[in-house]
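Morning, everyone. Please look at the screen, and I will walk you through one chain.

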Amino acid sequence: MKQNDVRPMAGFVLGASVLCGFVLTLFAMSMCAFGVLMGKLPAEQIDLWADLCLASGSLFAAFFAARHAHTWQPLWGIAAGMTLFGCLVLLSLAWFGEPVYLPRLLINAILALACAAGGGALGAKRRRRKKHRK
């Protein structure tokens with residue numbers, strides 16, 4: 001390791017990536033809710049819009065974590081995506097108080113895991129490509 005090579009702490013990488021993914025997910029969900037409210041998006045497909053928002057947030061969080069981690073980049077991406085999913089589940093259970101359907105929760109967990117794995121792989125690949133250009 002070079003003397004001027006500064007590596008971010010693991011908690012910072014995971015925390016920042018989860019926070020960015022969380023903000024992106026909630027912003028996308030609010031835009032979709034506004035679209036449904038205004039009549040631009042069909043209300044029958046709310047679960048599809050929520051899944052797309054979850055997928056994009058998980059993919060972004062995993063990409064950000066894998067890009068900024070120095071070792072085990074894809075695993076950091078998966079950890080970021082699943083932590084984001086856990087935070088969203090806790091928020092939905094604490095806030096809404098609606099009944100939870102286990103099959104729907106499992107589908108969302110699998111979707112978040114798949115997107116986190118893809119985002120982690122993309123972030124690690126992008127990092128390696130940039131590293132070899134020097």
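How high is the mean pLDDT of the chain, and what share of its residues reach 70 or more? The mean is 82, and 84% of the residues reach 70 or more. pLDDT is the predictor's confidence in each residue, from 0 to 100.

Two housekeeping points. This is a predicted model, so local features need pLDDT of at least 70, side-chain atom pairs count only at pLDDT 80 or more, and totals for chains, interfaces and linings use all residues. Residues are numbered from 1 along each chain as its sequence is written, and side-chain values use heavy atoms, with hydrogens and water left out.

Now the layout. The chain has four helices and zero strands. Along the sequence the pattern reads α-α-α-α. Helices (H or I, at least four residues) and strands (E, at least two) are DSSP runs, numbered from the N terminus. Among these elements, α2, residues 46-68, has the highest mean pLDDT, 89. Helix α4, residues 102-132, has the lowest, 80.

What about contacts along the chain? Take pairs at least 6 apart in sequence: 77% of those contacts join residues at least 24 apart. Contact means heavy atoms within 4.5 Å.

Next, burial. Of the 134 residues, 28% are buried. Buried means under 20% relative accessible area, exposed over 50%, partly exposed in between (1.4 Å probe, protein chains only). The chain exposes about 8,900 Å², and carbon and sulfur atoms supply 71% of that. Those areas come from the Shrake-Rupley method with a 1.4 Å probe; for residues, only the protein chains shown count as cover.

Let's stay with α2. The helix has 23 residues and reaches 33 Å from first C-alpha to last, close to the 33 Å expected at 1.5 Å a residue. That expected span is 1.5 Å times one less than the number of residues. Its buried residues include Trp49, Asp51, Cys53, Leu54 and Gly57.

Is Asp51 buried or exposed? Asp51 counts as buried because its relative accessibility is 14%. It touches Arg104, Asn108 and Leu111, leaving out residues up to four places away in sequence. I use that same exclusion for the contacts of Thr25, Cys115 and Met82.

On to Thr25, in helix α1. Its relative accessibility is 0%, so Thr25 counts as buried. Thr25 touches Cys53, Leu54 and Gly57, and also Leu84 and Leu88.

Which residues does Cys115 contact? Cys115 sits in α4, and its partners are Ala55, Ser58 and Leu59. Cys115 is buried, with a relative accessible area of 16%. Cys115 and Ile78 are 37 residues apart in sequence, yet 8.4 Å apart C-alpha to C-alpha.

Met82 belongs to helix α3, residues 73-95. At 27% relative accessibility, Met82 counts as partly exposed. Met82 contacts Ala109, Ala112 and Leu113.

Last stop, the surface. Phe34, Leu37 and Met38 form a nonpolar patch with about 370 Å² of accessible area together. Phe34 lies in α1, residues 10-38. Patches are made of residues with over 30% relative accessible area and no salt bridge: like charges are joined within 9 Å, nonpolar side chains (Val, Leu, Ile, Met, Phe, Trp, Tyr) within 5 Å. A salt bridge is a side-chain nitrogen of Lys or Arg within 4 Å of a carboxyl oxygen of Asp or Glu.
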